Amino acid sequence: MDLYMMNCELLATCSALGYLEGDLYHREPDCLESVKDLIRYLRHEDDSRDIRQQLGAAQILQNDLLPIISQHGQDKPLFDACIRLMVNLTQPALLCFGKVPEDPTFRHHFLQVVSYLQAYKEAFASEKVFGVLSETLYNLLQLDWEQRQEEDNLLIERILLLVRNVLHVPADPYEEKNVDDDASVHDKLLWAIHLSGFDDLLKFLASAQSEQQWSMHVLEVISLMFRDQAPEVLASAGQTRSAQEKQKDASELEALRAKEQAEKHSRNMQRGSRHSRFRGSYVVQGLKSIGEKDVIFHQGLHNFKNYSHDVGKAVRRVPKRKRMAKDVEMMRRSALNVRLFLREFCIDFLDNCYNRLMYLVKENLMREQAQQHDETYYLWALNFFMAFNRFNGFQPDLVSETLSIRAFHFIEKNITNYYEMMLMEKKEATSWSRRMHLALKAYQELLLTLSEMDRSKDENVRQSANVIKSNIFYLMEYREIFLTLLRKFDERTQPRSFLRDLVESTHLFLRMLERFCKGRNNLVVQKKKVKRRKRSQKKQTGPENTPETLEEAWQIVTQDLRAASFQLPSSLTEGAVPFDAASETPLEEQRTEAMVRIQDALIGRQGPEALGLLRAAREVWPEGDVFGAVDVEPEEELDLLKQILFANLPRPAAVDNAMEEEEEEEEEEELESVRVSETEFNFLDFIKRFANPAVVRPYVLLLRTYTQNTAHTNHCIARMLHRLAVDLKMEALLFQLSVFCLFNKILGDPAAAAYKELVTFAKYVLHRFFALAARNNKAYVELLFWKNVGAVREMTEGYSKDGDGAKKAKWTPEEEEELQRLYEEHKDSGVPDIVETLLPLLSNPNRNRRQVVTQMVVLGLVDSAKDLKKEKKGTRIVLWTEDQEGELRMLFEEHRNSDDILGNILKRLTAKRSRARVVDKLLSLGLVGDRKELYKKRRRQAPGKSAGMTEEDFFADLSGVPREDGFDRDEEEEEEEEEELSDEEEEESEKEQQVESRVKPGQKKRGRSNGSSGERNVNLETMVRSLQQEGLSGPLLWLQNCLNRTADDREEEGAFHAVPLVPLTEENEDAMENHSFQKLLKKVGIRAPANEQESFWRIPITMSVYQLRGAAVSLCPSEEPSAGAETVESAERPESPEPQDEAMSHEQRAQALRALLLARKRKQPSPDTTESPTAEPVSGSDEQQGAGAARPGGKRSRVLDSDDEKDEDPSSKMEVEDERGAGDSDAEEHSAPAKRRRHRVLSDDEED
């Protein structure tokens, strides 16, 4: 910046500081006031940071402030003011501007501030300056806690902040073009810190009991000191190299030399022995050019293998959002004296400070006493110092604070949080990715330390490592973290270094897990199954307006009006406003709303208010005498009010409001419970989880840079691909064209001898492919696609014939005639979407929107499918008026302390908008700072209260008795509120609501003909047994529970809507992609995704409660023939009319109750019964009723009971034995059991 453009007042203030004469600084009398004025100027600088730039250009810090604190440090007020000013001047540019500006002008200002900061850093690299700071800090730390003043603590904090700011300044890559072992500006600064003794003060602050309040500042300064340093380099500084290290370096050098010689030999072989000045021209037969002729090649033959049609073409520019993330980490080797000093610092820090400092920092983070993102310093320190300890003799007791299960849990929780924030904050995804990389490296270091403990000579250390590993391998969260990160890897936000560390960490974890499993015959691990059940709270509807009620209200209104002689007070006359000029509602709809308001006032027996509204509406709409003539008589007004009261008025707005209010009232409480079970672990089955193209693709991406990778990285890639191709025999996962191009590059590499492992593996995969291509002539076409496990099986074992695409839907002449008739009836009705109107009226309920639109175009009812496009919800109202913004502010202030701020605002907004629009507006108005402030507040579940259904609750549910204790939502379910509805999802929900509101009761009750139900159930039973043999028992049980829950909801609420089947576990997700499982879904009657906008299979609206229960029963093949026969009979029996349904439901509840009691009686035989296990006492009434009626309810109860028996562990069996001993009364055998037998249900609050 030009000094002549400097502000005159600022220039006068700087001149009043003093002047430097040689090495002596002469301060002016107004020096202290001038420093305070500069602080005041900085407080009022503009967005371009003009004051900061002018002070940097004038070099105030180098020429004035540093000499003042060096030579006039005894003046305490002046020293404090200078330190305060320097802290402000040296703060990072990112803090000044908030982020890196995108505007070119502001970006120039940003870079200018960074350049001034780099000049400040070079000025601070002085032993004299740090000597003054160290001496001042030492004197302050000598004071006892009672003697320190508030100003002393502030000065200590400002000195630490000043050192942090100076260390934080980034290096200038253009100015510091230093090689390794050369001293950079950062190294000079570290050396000045060392000579002044400031590093010893940092170690004192980290270890002293009375100075623990500075723990976060100390850790931040230390992390910036060791920036760009590698722990293995520091650990080996000044040490003699071992023979193993020398041998490793020699082998690497030999490999590089062999690679160079091979490349040189290849170039020599390409050139002929005799040089020709005429290269000649060649015709490449079989390779067509742009026309029909062959390509003519005008270069030497040795260059032909590099020929491509893309030569000479312009390179396509990759958009920013699709570019690969760049690596930002830079490692360099500092000067030897700096490395020796840092090594000694690390050794002393580990001996005296590490465990205590990390404990204090962890406590501050857990209690949220630190600033945002301070956990990144903790993760860096854990990774760096544990690695240094590993390379420097490895003493586990020095890092015992961070070598625990708590450390694994803390890192895993942060990795999950960082990934979620990457999805939510797209613009800051790169920053969240860097933080996730830090957490991943810390997790990797913990695993490396555990692996080092396994090789220790101390038995206690090895035993401690086994305890930690058994806990890690037992819990599902730690086992699947690497699998999740690989499947969710995104190269646009996560750099190549992240992928390298992820692949190496996965290799290490799998190797440790494999060794741990080999030493044991069977390994039992924990398995968690998350169960979510939705209950909707019905809105209490008011009593209907019967003719008797209306007549009674009319009598009261007539008496009130006649008593008042039809005279109204002035308050009613002035307050009656039937018309809103600012509303976006059309005038015709407002007139209808005014008449509805008059009717509501009459129903509420408010005669004067109704008459006032009638007269006001007459003045607004005088045309047509809709509200009476101008000179109407009072008796005529009375007759008009009576007509309005007894009229059946349309209420479109009221219905819409009621639907939206009901949407908010019927909150879907997700009762989430985690059922914990134990299962035997199979390592090969765990590896099968990695047989997925989403996992293979990142490995292939990293393999593309095999020449830049280390030998260990290439080994990790080859080992994982070997596990998939050889151990699992799924080499077809790698039959992909891009993989083969990469193999071709490796095999043709002149230095291929340096990559023997990759060459051997590539030859094996290619050999297997050509062997398969000899049998399968479609193998070459399959190279174009990534393949999942199902496609691999079909490719290697043969394609299934019934895997063909769905046939085109056929329309009968009767259906075409019905569609034409319905379209003619409703085309002039003015509905916004005629297709949604026609869908529920069609006789065939299986028709979807696409089929109806296509057929309407074929029949010529519409010209194009574009004429029937759905209007997206929320597009009509885009702009916010001032009145609407004021209303939003008022509603926010009114409900800001409520449990559901957003829900209350959406209910009361005049202009209805989507949740996303309202949230964005609240953020733009500055009413909230974060979306999380709008999430619904949940109450924590009472301690000790189980979230599952007890046996008493089950009996109460069967008997129809309402349960007293409700289910409370778990606090962890706030995360479910974080995902907002997109426009497509809102459109889908609106579509389903319209279908619900328009489906006739007769159509809801209508089901398909069940004439062939017995044959269908037999086929279903065969399919179910085959799926169980394939290991899909878990997904079958999940599907059965979904059908039962849907049946319960439809029976309780009477509301029919399509229910999506959302798989929440990896097992269910894989099952939904299984072709056999999809065939079962179609057989049961579950609808596949109708179009590309749907992602999940759905339970259709047309399935009745009994069809759902029958389908659920058929998914569990019965072991007893009688039970199976009863099931078939219940499926064959046609549905009863509605009055009979209620009686049947009571009968089924009773049968289910008897079935469950009978099962419990079999488990708890009385002493009088025989010891034969086959004896089953059945009452005669049970036999008669079982033979006379269908028993879907009873069958369901047996399924639940068998599920309980299946999930029982030895501990639960012991509890049952205790219960048998406790039950001493035979009279209670046929009543509800006195003791509960609970599932092991672990809520989210108790999980930690």
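Let me start with Val695, which sits in helix α31. A caution before going on: this is a predicted model. Val695 has a relative accessible area of 1%, so this residue is buried. What does Val695 touch, if we set aside residues up to four places away in sequence? The answer is Leu483, Leu486, Arg487 and Phe690.

Staying with α31, the next item is its packing. Helix α31 covers residues 693-703, and helix α32 covers residues 711-727. Two packed helices are described by an angle between their axes and by the distance between those axes. For α31 and α32 the angle is about 145°, and the axes are 10 Å apart. The crossing of α31 past α32 is left-handed. On the α31 side, the contact is made by Val696, Tyr699, Leu702 and Leu703. On the α32 side, the residues are Thr713, Cys716, Ile717, Met720, Leu721 and Leu724. How do the residues of this contact divide into nonpolar, polar and charged? Nine are nonpolar, one is polar, and none is charged.

Is Lys729 buried or exposed? Lys729 has a relative accessible area of 66%, so it counts as exposed.

Helix α33 runs over residues 737-747 and helix α34 over residues 756-775. They pack at an angle of about 130°, with their axes 10 Å apart. The two helices are therefore oblique to each other. Here too there is a handedness to report: α33 passes α34 in a left-handed crossing. From α33, the contact takes in Phe740, Phe743, Ile746 and Leu747. From α34, it takes in Leu758, Val759, Phe761, Ala762, Lys763, Val765, Leu766 and Phe769. In the contact of α33 with α34, 11 residues are nonpolar, none is polar and one is charged.

Leu155 is placed in helix α9, residues 150-168. Its relative accessibility is 3%, so Leu155 counts as buried. Leaving out neighbours within four places in sequence, Leu155 is in contact with Phe79, Asp80, Ile83, Thr136 and Leu140. For one of these, Asp80, the separation is 75 residues in sequence and 6.8 Å in space, C-alpha to C-alpha.

His109 belongs to helix α7, residues 104-124. At 18% relative accessibility, His109 is counted as buried, because the cut-off for that class is under 20%. Which residues does His109 touch, not counting those up to four places away in sequence? They are Ser48, Gln53 and Phe97.

There is another positive phi to mention, at Phe394. Phe394 is not a glycine, yet its phi is about 50°. Phe394 lies in the loop between α17, residues 375-391, and α18, residues 405-424. With 12% relative accessibility, Phe394 counts as buried, whereas Lys729 is exposed.

A word on cysteines. How many disulfides does the count give? It comes to zero. Take Cys82: this residue is in no disulfide, and the nearest cysteine sulfur, that of Cys31, is 6.0 Å away. Cys82 has 0% relative accessibility and therefore counts as buried. Cys353 is buried as well, with a relative accessible area of 2%.

I will finish with the chain as a whole. There are 56 helices and nine strands in the chain. Of its 1248 residues, 42% count as buried. Among contacts in the chain with a separation of 6 or more, 75% are between residues 24 or more positions apart.

Note on methods. Residues numbered from 1 in each chain as written. Predicted model: local features only at pLDDT ≥ 70, side-chain atom pairs only at ≥ 80, totals over all residues. Heavy atoms only, no water. Axes fitted to C-alpha atoms, helices over the stretch in contact; angles between N-to-C directions. Helix = DSSP H or I, 4+ residues; strand = E, 2+ residues; numbered from the N terminus. Parallel < 35°, antiparallel > 145°, perpendicular 65-115°, else oblique. Left-handed = near helix turned anticlockwise from the far one by under 90°. Contact = heavy atoms within 4.5 Å. Nonpolar A, V, L, I, M, F, W, Y, C, P; charged D, E, K, R; others polar. Disulfide = S-S within 2.5 Å. Buried < 20%, exposed > 50% of the residue type's maximum accessible area, 1.4 Å probe, protein only.
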